[in-house]
Amino acid sequence: MSESTTREERFAHGLEVLRKVDGEAGQRVIDSLADVSPELGHQIVAWGFGEIYARPELSPRDRQLVTLGMLTALGGCEPQLEVHVNAALNVGLTPEQIVEALLHSAGYCGFPKALNATFTAKRVFTERGLLPVGQQPTPDATSA
């Protein structure tokens, strides 16, 4: 986006990126802010997704790996982590790759935070019918 884009154009662009990455879960977050802080919702969409997530230097998949690691390290962000585990699946990460990223985080931010993140991922995997992890067909196997 350029400096000359309008507030509405930045929001529209961000909303397009949000829908591609987070799908319905992201929209629910924005909707949940409408009666308390619509400006925060606007900034998440326009800046967070329209400016940051839309940058071409990292793929959406790589951005989600970074986001999973950061939210795990921060701790106490399980609702946001749930949205981003869904987003990670939406942009092509497998449950196995997500679990591996969360396991990797244990060495940097400790077992309690890695456990909390893993249990959050487990909730998402349960909702999406992806348990047990490692027992799902790979994309290549289903297309053969």
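In helix 3 (residues 38-53), the buried positions are Gly41, His42, Val45, Ala46, Gly48, Phe49, Gly50 and Tyr53; buried here means under 20% relative accessible area, exposed over 50%, and partly exposed in between (1.4 Å probe, protein chains only). Helices (H or I, at least four residues) and strands (E, at least two) are DSSP runs, numbered from the N terminus. The structure is a predicted model, in which local features need pLDDT of at least 70 and side-chain atom pairs count only at pLDDT 80 or more, while totals for chains, interfaces and linings use all residues. Residues are numbered from 1 along each chain as its sequence is written, and side-chain values use heavy atoms, with hydrogens and water left out.

The buried residues of helix 3 pack against helix 1 (7-21), helix 2 (23-32), helix 4 and helix 5 (78-90), where contact means heavy atoms within 4.5 Å. An α-helix has 3.6 residues a turn, so residues three or four places apart point the same way.

The overall fold can be described next. The secondary structure comes to eight helices and zero strands, giving the pattern α-α-α-α-α-α-α-α along the sequence. The radius of gyration is 16 Å, close to the 15 Å that the globule rule gives for 144 residues, so the protein is as compact as a globular protein of that length. This radius is taken over C-alpha atoms, and the rule is 2.2 Å times the number of residues to the power 0.38. Along its principal axes, the C-alpha trace spans about 50 × 40 × 30 Å.

Of the 144 residues, 34% count as buried. Among contacts between residues at least 6 apart in sequence, 64% join residues at least 24 apart. The protein exposes about 8600 Å², of which carbon and sulfur atoms supply 59%; accessible areas come from the Shrake-Rupley method with a 1.4 Å probe, and for residues only the protein chains shown count as cover. As for charge, the mean positions of the 12 positive and 18 negative charges lie 3 Å apart. Lys and Arg count as positive and Asp and Glu as negative, while His and the chain ends are not counted; the place of a charge is taken as NZ of Lys, CZ of Arg, CG of Asp or CD of Glu.

Two buried threonines deserve a look. Threonine 72 sits in helix 4 (residues 60-74) and counts as buried because its relative accessibility is 2%. Its side chain reaches the backbone oxygen of leucine 68 at 2.7 Å, a polar contact being a pair of N or O atoms within 3.5 Å; within protein, one must be able to donate a hydrogen and the other to accept it, and residues adjacent in sequence count only if both atoms are side-chain atoms. Not counting residues up to four places away in sequence, threonine 72 touches Leu81, Leu102, Ser105, Cys109, Lys113, Ala114 and Ala117. Threonine 120 belongs to helix 7 and is likewise buried, with a relative accessible area of 1%. Leaving aside neighbours within four places in sequence, threonine 120 is in contact with Glu78, Leu81 and Glu82.

The account now turns to proline and the loops. A cis peptide bond joins leucine 131 and proline 132, with omega about -5°. Proline 132 lies in the loop between helix 7 (111-127) and helix 8 (139-143). Proline 95, found in helix 6, is buried, with a relative accessible area of 10%. Not counting residues up to four places away in sequence, proline 95 touches Leu89, Phe125, Leu130 and Val133. The C-alpha atoms of proline 95 and leucine 131 are separated by 8.8 Å, although the two residues are 36 apart along the chain. Glycine 92 lies in the loop between helix 5 and helix 6 and is partly exposed, with a relative accessible area of 45%. Glycine 92 and aspartate 62 are 30 residues apart in sequence and 9.9 Å apart in space, C-alpha to C-alpha.

Glutamate 100, in helix 6 (residues 95-109), is partly exposed, with a relative accessible area of 48%. Its C-alpha lies 18 Å from that of leucine 74, which is 26 residues away in sequence. Arginine 28, placed in helix 2, counts as exposed at 51% relative accessibility. Arginine 28 and glycine 50 are 22 residues apart in sequence and 17 Å apart in space, C-alpha to C-alpha.
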